[in-house]
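Please consult the sequence and the structure displayed below while reading.

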Amino acid sequence: MRESIVNNIVEQIKNLIVYEKMMPGDKLPSERVLSAYLGVSRNSLREALKTVEALGILEIRHGAGIFLRQPNFEAVTLPIMAYSLGDRDILLELVEARKIVDVEIAGLAAQRANESNTATLKEYMDRCRENREKYSEDGASRTEFEALLARVAGNRILISIQEATHALWKSKQKEIGLFVTHPDIQHAEHMMIYKAVLNRDPVAAREAMVYHIEAPLRILDRKK
């Protein structure tokens, strides 16, 4: 009986995450609020939370709260990284993949942009205007801007696909030794995308994202 109660709470927690359209990194209500909302005891709730955490869905940070865990893409990325070790052609394939994923995300973000969901994007652009080193990390381009666009687009499936693609993207950039685009150029390219999103112009947002994603290919062409 006890096990069935805990399992029922586990399903309720999963349903809550889906119903609230929570994103990785989002914080769940406190144990007190959750137990009252679900109508269950704190002890049963704690057992259920431990089960959901063991499934890799939640992360319980003592003193901080309960968070939806960032997905682990190693099962997807490691095999691809292994068979493509040192293969520059994988960069071309990743550009193609990003032109499908990130370009569509940019278009959706432009369609769904509003003052509320673009606030974090605006904060990022303001920070980077004065702090251009944020555009690179350990020899690879950062993809925080594109990740914030995905949150504006609001499609959780595309967010997961994007995160897996970006994990490979950064790994291959470092492996190949491809220099990232100059910070001033990256900022200008991001600004074009950002303005198109704020103007709610999906066509311009997609075109600007295509140009931005193809930057590594232009660098390769100059190296030949």
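Axes are lines fitted to C-alpha atoms, for helices over the stretch in contact, and angles between N-to-C directions run from 0 to 180 degrees. The model is predicted. The protein comprises 11 helices and four strands, and 40% of its 224 residues count as buried. Of the contacts between residues at least 6 apart in sequence, 75% join residues at least 24 apart.

**Packing of H5 against H7**

- Helix H5 (residues 89-112) packs with H7 at an angle of about 50°, and the two axes are 8 Å apart.
- Angles under 35 degrees count as roughly parallel and those from 65 to 115 as roughly perpendicular; H5 and H7 are therefore oblique to each other.
- The crossing in which H5 passes H7 is left-handed.
- On the H5 side, the contact is made by Arg-98, Asp-102, Ile-105, Ala-106, Leu-108, Ala-109 and Arg-112. On the H7 side, Glu-146, Leu-149, Ala-150, Val-152 and Ala-153 take part.
- By residue class, the contact of H5 with H7 divides into eight nonpolar and four charged residues, with no polar ones.

**Burial of H7**

- Seven of the 10 residues of H7 are buried, so this helix is largely enclosed by the rest of the structure.
- The buried residues in H7 are Phe-145, Glu-146, Leu-148, Leu-149, Ala-150, Val-152 and Ala-153.
- Gly-154 follows H7 and has a positive phi, near 75°.

**The aromatic pair**

- The structure holds one aromatic pair.
- Tyr-124 and Phe-145 form this pair, with 6.3 Å from centre to centre and 35° between the planes, in a tilted arrangement.
- Tyr-124 lies in helix H6 (residues 119-130) and Phe-145 in helix H7 (residues 144-153), so the pair ties together parts that are 21 residues apart in sequence.
- Tyr-124 and Phe-145 are both buried.

**Packing of H9 against H10**

- Helix H9 (residues 183-198) and helix H10 (residues 202-213) pack at an angle of about 165°, and their axes are 8 Å apart.
- Angles over 145 degrees count as roughly antiparallel; H9 and H10 are therefore roughly antiparallel to each other.
- H9 passes H10 in a left-handed crossing.
- From H9, the residues Gln-186, Glu-189, His-190, Met-192, Ile-193, Ala-196 and Val-197 meet Ala-204, Ala-205, Ala-208, Met-209, Tyr-211 and His-212 of H10.
- The residues of this contact of H9 with H10 comprise nine nonpolar, three polar and one charged.

**Individual charged residues**

- Glu-189 is located in helix H9. Its relative accessibility is 3%, and Glu-189 therefore counts as buried.
- Leaving aside residues up to four places away in sequence, Glu-189 touches Tyr-211, His-212, Ala-215 and Arg-218.
- Lys-122 is placed in helix H6. Its relative accessible area is 43%, so Lys-122 is partly exposed.
- Lys-122 and Leu-198 are separated by 76 residues in sequence, whereas their C-alpha atoms are 9.6 Å apart in space.

Methods
Residues numbered from 1 in each chain as written. Predicted model: local features only at pLDDT ≥ 70, side-chain atom pairs only at ≥ 80, totals over all residues. Heavy atoms only, no water. Helix = DSSP H or I, 4+ residues; strand = E, 2+ residues; numbered from the N terminus. Left-handed = near helix turned anticlockwise from the far one by under 90°. Contact = heavy atoms within 4.5 Å. Nonpolar A, V, L, I, M, F, W, Y, C, P; charged D, E, K, R; others polar. Phe/Tyr/Trp six-rings, centres within 6.5 Å; stacked < 30°, edge-to-face > 60°. Buried < 20%, exposed > 50% of the residue type's maximum accessible area, 1.4 Å probe, protein only.
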